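Here is a brief report on selected local features of the structure below.

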Amino acid sequence: MAIKEYLRRVFPGTAEEFCQKAGQAMVSGRRLFVITANPEILMHAGEDPAIREMLLDEETAVVPDGISVVKAMNLLGFPAKERITGVDLAEKLLKLAGQQGKSVYLLGAKEEVVSALAKKLRDQYPQIQVRYKNGYGKDKDADFREIEALQPDLVLVALGVPAQEKLIARHLGHFQKGVFIGVGGSFDVLSGSKRRAPALFVKTNTEWLYRILREPSRLKRFYRNNVRFLGQVRREAKG
């Protein structure tokens with residue numbers, strides 16, 4: 001399937017507009033599954049029917065997590081205003097959950113990282129209800145069944161693309177409410193365990209370059225996903 005078919009479903013507005021939409025869903029008790037679409041998950045969709053199905057599902061909200069996705073949308077005729085990153089979205093929704101005294105479940109990352117984030121949230125927002133589990137359990141479906149019993153207002157899953165999205169999709173039907181987002185390595189940044197890229201990289205949409213400079217091992221993965229993605233988008237634009 002053409003990349004264009006996925007991109008036509010991606011939210012084209014601002015990060016602030018989408019945060020309001022997701023925040024309203026959380027506060028009003030509606031169910032919303034958010035996929036932060038980067039080139040990696042869009043390329044996986046070509047090989048994995050489960051990912052393809054969730055990206056095309058009308059009930060799934062898809063946002064452009066990456067400047068290359070925004071550029072691809074503009075090139076293929078779906079004008080997009082800006083990227084909407086998982087870490088920014090998670091930060092804003094956690095703040096709202098804290099202010100509103102909502103319940104949050106954090107699944108993923110190392111024990112010291114996720115527990116540090118839970119403590120930080122409880123210290124900042126005394127009203128918030130936070131439960132968590134690290135990402136090293138062998139049976140992730142069993143972990144998610146525990147979350148089902150709690151029915152939280154916000155569920156953030158930090159297990160990496162596309163495992164986190166597929167896990168959410170498998171269990172989504174067992175929830176009556178809640179905002180669900182796969183957030184990759186965001187717990188490291190949100191807990192303070194790892195620095196986010198300096199403001200210059202964030203402002204110029206080059207966080208990917210900062211990450212590669214810090215961790216050269218990422219280069220192979222970047223090439224496998226981002227370069228192939230842009231090549232396919234260019235071919236579709238010409239066709």
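Aspartate 153 touches Met26, Lys102, Ser103, Lys177, Gly178 and Val179, with residues up to four places away in sequence not counted. Contact here means heavy atoms within 4.5 Å. The model is predicted: local features need pLDDT of at least 70, side-chain atom pairs count only at pLDDT 80 or more, and totals for chains, interfaces and linings use all residues. Residues are numbered from 1 along each chain as its sequence is written, and side-chain values use heavy atoms, with hydrogens and water left out.

Aspartate 153 sits in the loop between α8 (140-150) and β5 (154-158). Helices (H or I, at least four residues) and strands (E, at least two) are DSSP runs, numbered from the N terminus. The relative accessible area of aspartate 153 is 8%, so this residue is buried. Buried means under 20% relative accessible area, exposed over 50%, and partly exposed in between (1.4 Å probe, protein chains only). A polar atom of the aspartate 153 side chain lies 2.8 Å from the backbone nitrogen of serine 103.

Threonine 85 is in another loop, between α5 (67-75) and α6 (86-100). Its relative accessible area is 6%, so threonine 85 is buried. The side chains of threonine 85 and aspartate 88 are joined by a polar contact of 2.8 Å. Such a contact is a pair of N or O atoms within 3.5 Å; within protein, one must be able to donate a hydrogen and the other to accept it, and residues adjacent in sequence count only if both atoms are side-chain atoms. Neighbours within four places in sequence aside, threonine 85 is in contact with Asp65 and Arg196.

Now the aromatic rings. The structure holds 3 aromatic pairs. Rings of Phe, Tyr and Trp (its six-membered ring) pair if their centres lie within 6.5 Å; planes under 30 degrees apart count as stacked, over 60 as edge-to-face and the rest as tilted. Two of the pairs are tabulated here.

| Pair | Centre distance | Plane angle | Class |
|---|---|---|---|
| Phe144 and Phe175 | 6.0 Å | 80° | edge-to-face |
| Phe175 and Phe180 | 4.8 Å | 70° | edge-to-face |

Phenylalanine 144 and phenylalanine 175 link distant parts of the chain, 31 residues apart. Phenylalanine 144 belongs to helix α8, while phenylalanine 175 lies in the loop between α9 (163-171) and β6 (178-182). Phenylalanine 144 is buried at 0% relative accessibility. Phenylalanine 175 is buried at 2%. Phenylalanine 180 is buried as well. Ring pairs join Phe144, Phe175 and Phe180 into a cluster.
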